[in-house]
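Hello,

Here is the structure I promised to pass on. Please open it first, then read my notes below.

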Amino acid sequence: MTAKDVIKLAQENKAQMVDLKFLDLPGIWQHFSVPIDELKEDVFEEGFGFDGSSIRGWQAIHTSDMLVVPDPDTAFMDSFREYPTLSLICNIVDPITKESYSRDPRYVAQKAEAYMKSLKIADTAYFGPEAEFFIFDDVRFDQTANSGFYIVDSVEGIWNSGREENPNLGYKPRHKEGYFPVPPTDSQEDIRTEMCLEMQKCGIYVEKQHHEVATAGQAEIDMRFAPLIKMADQLMIFKYIIKNVARRHSKTVTFMPKPIFGDNGSGMHTHQSLWKGNKPLFAGNGYAGMSELALYYIGGILKHAPALAAFTNPTTNSYKRLTPGFEAPVNLAYSGRNRSAGVRIPMYSANPKTKRIEVRFPDPSCNPYLAFAAMLMAGLDGIENKIHPGEPLDKDIYELGPEELASVPTMPASLEDALDNLEADNTFLRKGDVFTDDLIETWISYKRTKEVDALRLRPHPHEFFLYFDI
C-alpha cells in the first residue's frame with residue numbers, strides 16, 4: 001500500500017482522525033491521534049514529533065525529541081472508536097540524524113529480516129504464534145506499604161460452582177478440563193467469534209478459535225503464519241482487538257502467563273519456518289521429515305534458549321508457568337509430536353510446505369518484535385555454525401527416571417536467571433548489529449530494576465501463610 005492508497009482508504013471510510021501506534025521497549029502499544037487534515041503524503045517520510053523521554057526504556061529527558069513515521073502497509077480502520085479513525089503502525093526515527101532508533105523494537109525486527117537475507121540462506125522467515133489468554137469478568141489488585149492482594153473472577157470459574165448467582169446455572173469447566181467443551185460449558189464462543197470477525201476486518205487471516213484447557217475463560221485464537229514483521233504487527237493488532245471486544249462485553253482480558261494458581265497458564269507456541277523463493281527449506285529426508293538445515297535451526301534455538309528466555313518469557317510471572325514437573329515445556333529437547341519438548345515438529349501433514357518447527361516455551365507477555373527477532377537470530381546461528389540438536393526425545397518426559405532426566409537441559413527458573421544467561425550469551429544477537437549493545441544493556445537493566453528487584457522487595461501474601469507464626 002502506498003501513501004496515496006492510505007489517503008484514499010481514509011477518504012472512502014470518511015475518517016476524521018488518524019491514530020499513530022508504536023511500541024515501547026517492554027512491548028505495550030502507545031499512541032497519539034491527529035486530525036485527518038494532517039494526513040498528507042509527506043508525513044510518510046517526515047513523520048510526526050513526540051516526546052521520547054516519556055516512553056518506557058527510551059530516551060533521556062535531554063534528548064527527548066523523536067519522530068513517528070507511519071508505515072502505509074499497516075493501515076486499517078479502527079472499529080473501536082466512536083469517530084471514524086484510521087490506524088497506522090509507525091517506525092521511530094531520530095529527528096536530527098534521520099536514522100532509525102536502535103531501541104525501537106520494530107526496527108530490531110527489520111534488521112533481523114535484513115540480516116537473514118544478507119546470509120542468502122533464506123528470504124522469508126514465517127512465524128505463527130498461538131497466543132493464549134484469559135477472559136475475566138472482574139479483576140482487582142493493589143500493593144501498598146501494609147497490604148498486597150489480587151483477585152480475578154470469571155463466571156466460568158469452577159470456584160464459583162457454589163456461589164449464589166440467582167440462578168447459578170452450573171456448567172463451569174473444572175480445572176484442566178476447559179479444552180473444547182461445547183456451549184453452555186463454553187460460554188464465550190460468541191465473544192471469540194466477534195474477536196475473529198474484527199480481526200478479519202483488519203486483514204488478519206484467522207484459522208480457528210476455541211476454549212483452552214484452564215477454567216475461568218482461557219481461550220486461544222490462531223492466525224495463519226506470516227513473515228516476521230507482518231506477524232509481529234498482526235499480534236499487536238490481535239491483542240488490541242481481543243482486549244477491546246472484551247471491554248464491549250464488560251469483560252477484561254489478560255495475556256499474563258500465569259494469572260490463576262493450580263491450573264494451566266497461557267503460552268505462545270510459536271511456529272517457524274524458512275523459505276527461499278517458493279521453496280520450503282525445512283522439508284527433507286531427516287528425522288520427522290525435516291531437512292538438515294531445519295535441524296541446525298533447532299540446534300541454535302535449543303543452545304541459546306536460556307538467553308532467549310529473557311525476550312520470549314520476559315516477566316517474573318512467566319516463570320510461574322515454566323515450572324518443572326508440570327505441563328509447561330521447560331525441557332530443552334526436540335521431538336516429533338511430543339508436546340512436553342521445548343521444540344516440537346508438528347506431524348499433521350506430509351506436505352513439504354507445512355514443514356515447520358513449533359517452539360513451545362514462549363509466552364504472550366513478550367514483545368513480539370524482539371522475541372521473534374531473537375529466535376530467528378538463534379536459528380540462523382545454528383545454521384551458520386551447524387549446531388546439531390542431538391538425538392530427539394520421543395519418550396514421555398514425565399515418565400523419565402532421575403538419571404535420564406538429569407541429562408535433559410531445562411529453561412531458566414526465573415527472570416533473573418534468564419537475564420544472567422542473556423548477559424553471558426548475546427553474541428548471536430549482536431550479529432549484523434541487529435540487537436545493539438545499548439538495547440541489550442537497557443533491556444537487562446530495565447528488567448532487573450523495574451521488575452526483578454521490584455518484586456523481590458515486596459512481601460508476598462503466601463509468605464504470611466507460611467511464616468507469620470514464626
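Start with Lys251, which is buried, at a relative accessible area of 18%. Buried here means under 20% relative accessible area, exposed means over 50%, and partly exposed lies in between (1.4 Å probe, protein chains only). Before the rest, some ground rules. This is a predicted model: local features need pLDDT of at least 70, side-chain atom pairs count only at pLDDT 80 or more, and totals for chains, interfaces and linings use all residues. Residues are numbered from 1 along each chain as its sequence is written, and side-chain values use heavy atoms, with hydrogens and water left out.

**Salt bridges**

What does Lys251 form a salt bridge with? The partner is Asp137, and the closest N and O atoms are 2.5 Å apart. This pair links distant parts of the chain, 114 residues apart. Asp137 sits in the loop between β7 (124–136) and β8. Lys251 sits in the loop between α5 (228–248) and β13 (252–254). Helices (H or I, at least four residues) and strands (E, at least two) are DSSP runs, numbered from the N terminus. Asp137 counts as partly exposed, at 29% relative accessibility.

A salt bridge is a side-chain nitrogen of Lys or Arg within 4 Å of a carboxyl oxygen of Asp or Glu. By this rule the count is 31. Another one joins Glu165 and Arg163, with 2.9 Å between the closest N and O atoms. Glu165 is partly exposed at 22%. Arg163 is partly exposed at 35%.

Arg430 pairs with Asp437 as well, at 3.5 Å between the closest N and O atoms. Both ends are partly exposed: Arg430 has a relative accessible area of 33%, and Asp437 has 43%. Elsewhere, salt bridges that share partners join Asp19, Lys21, Asp78 and Arg81 into one network.

Helix α12 covers residues 437–456, 20 residues in total. From first C-alpha to last it reaches 27 Å, close to the 28 Å expected at 1.5 Å a residue. The expected span is 1.5 Å times one less than the number of residues. The helix has a kink of about 35 degrees, centred on Arg448. The bend at a residue is the angle between axes fitted to the seven residues ending there and the seven starting there.

The buried residues of α12 include Leu439, Ile440, Trp443, Ile444 and Lys447. Their cover includes α3 (105–118), α6 (292–312), α8 (368–384), α10 (415–424) and α11 (427–430).

Phe435 lies in the loop between α11 and α12. Is Phe435 buried or exposed? It is buried, with a relative accessible area of 1%. Leaving aside neighbours within four places in sequence, its contacts (heavy atoms within 4.5 Å) include Val108, Phe311, Leu370, Arg430 and Ile440.

**Two more places to look**

Tyr334 is in strand β16 (residues 331–336). Tyr334 is buried, with a relative accessible area of 2%. Its C-alpha is 8.2 Å from that of Asp394, 60 residues away along the chain.

Val139 is in strand β8 (residues 138–143). Val139 is partly exposed, at 37%. Together with Phe141, Tyr150 and Phe261, Val139 forms a nonpolar patch on the surface, with about 530 Å² of accessible area in all. Patches are made of residues with over 30% relative accessible area and no salt bridge; like charges are joined within 9 Å, nonpolar side chains (Val, Leu, Ile, Met, Phe, Trp, Tyr) within 5 Å. Accessible areas come from the Shrake-Rupley method with a 1.4 Å probe; for residues, only the protein chains shown count as cover.

Best wishes
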